Amino acid sequence: MSLVSHATSERRGENHWLLRFELHLPYSYQALWHAVTTPDGLRGWLAAADVLERHLGGAVTLRWLNTKAVASGHVSAWDVERVAEYTVAGLGRIRFHLEAVGTDSTVIRFVNERGGSDEARLDCLAAWHEHFELLEAALAGRPTDWSTWTDSRWAGLRASYASFGQARKAS
């Protein structure tokens, strides 16, 4: 069973969004820090980090192994074992804020500030949701085999986010 629940999103001006996830994971912050800030860690659940200079202002190039998309940018915030933030072309600002809960549990507060249409927002919510499920699996010792990845889980999540949004608009 996944520990990932639906994200929230808020409009910040025309065609600008703030997407938020909060995950409570039964892993140490050291394990999570490794997963979100190292090439080996990122490859297991998100993307290949072709370039990752692990300091404020450092260069970043991420290559998605499921879509072959490439995004380059820079490290826009870096607080060792607490905050890693990457600002990359096409994806905007991607921020991971980690908070240890005891010695074997961590809360990740994730924010993606980005531009795009409402349809692009739904695509991104589904994609991040799926990637966070893949993060859980990688932390459990099952890194993603990108050669077998399909978009079926993403499509189901995309439909779920679209329905969730319609239900919220109706209330």
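This is a predicted model: local features need pLDDT of at least 70, side-chain atom pairs count only at pLDDT 80 or more; totals for chains, interfaces and linings use all residues.
Numbering runs from 1 along each chain as its sequence is written, and side-chain values use heavy atoms, with hydrogens and water left out. Helices (H or I, at least four residues) and strands (E, at least two) are DSSP runs, numbered from the N terminus.

**Empty space**

- Rolling a probe the size of a water molecule over the atoms shows where empty space is left.
- The search uses a 1 Å grid over the protein atoms alone: a cavity is a set of points where a 1.4 Å probe fits but cannot get out, and a pocket is an open set with protein on both sides within 12 Å along at least five of seven lines.
- Lining residues have an atom within 4 Å of a point, while a volume is the space filled by probe spheres set on the points, which are joined across faces, edges and corners.
- The largest pocket holds about 350 Å³ of space.
- Its lining has 17 residues, and Trp64, Thr67, Leu91, Ala127 and His131 are the closest to the pocket's centre.
- Strand E5 (70-79) and helix H3 (118-139) each supply at least two residues of that lining, and H3 gives the most, with six.
- By type, the pocket lining splits into 11 nonpolar, three polar and three charged residues (nonpolar: Ala, Val, Leu, Ile, Met, Phe, Trp, Tyr, Cys and Pro; charged: Asp, Glu, Lys and Arg; polar: the others, Gly among them).
- The count of cavities of 30 Å³ or more comes to one, and the largest cavity has a volume of about 30 Å³.
- Leu42, Leu46, Leu62, Tyr86, Ile94 and Phe96 line the largest cavity, giving six nonpolar residues, no polar and no charged.

**Aromatic rings**

- Rings of Phe, Tyr and Trp (its six-membered ring) pair if their centres lie within 6.5 Å; planes under 30 degrees apart count as stacked, over 60 as edge-to-face and the rest as tilted.
- The whole structure has 10 aromatic pairs.
- Trp45 and Phe132 make a stacked pair, 5.7 Å centre to centre with 25° between the planes.
- That pair links distant parts of the chain, 87 residues apart: Trp45 is in the loop between helix H2 (39-43) and strand E3 (48-52), and Phe132 is in helix H3.
- Trp45 is buried at a relative accessible area of 0%, and Phe132 is buried with a value of 0% too (buried means under 20%, exposed over 50%, partly exposed in between, with a 1.4 Å probe and protein chains only).
- One aromatic cluster takes in Phe21, Trp45, Tyr86, Phe96, Phe110, Trp128 and Phe132.
- Arg121 has its charged end over the ring of Trp17, 4.8 Å from the ring centre (the rule: NZ of Lys or CZ of Arg within 6 Å of the ring centre and within 35 degrees of the ring normal).

**Two residues to look up**

- Val36 is in helix H1 (residues 29-37) and is buried, with a relative accessible area of 0%.
- Leaving aside neighbours within four places in sequence, Val36 is in contact (heavy atoms within 4.5 Å) with Leu42, Trp45, Tyr86, Phe96 and Leu98.
- Arg12 is in the loop between strand E1 (8-11) and strand E2 (16-25), and counts as partly exposed at 39% relative accessibility.
- Not counting residues up to four places away in sequence, Arg12 touches Trp17, Leu18 and Arg20.
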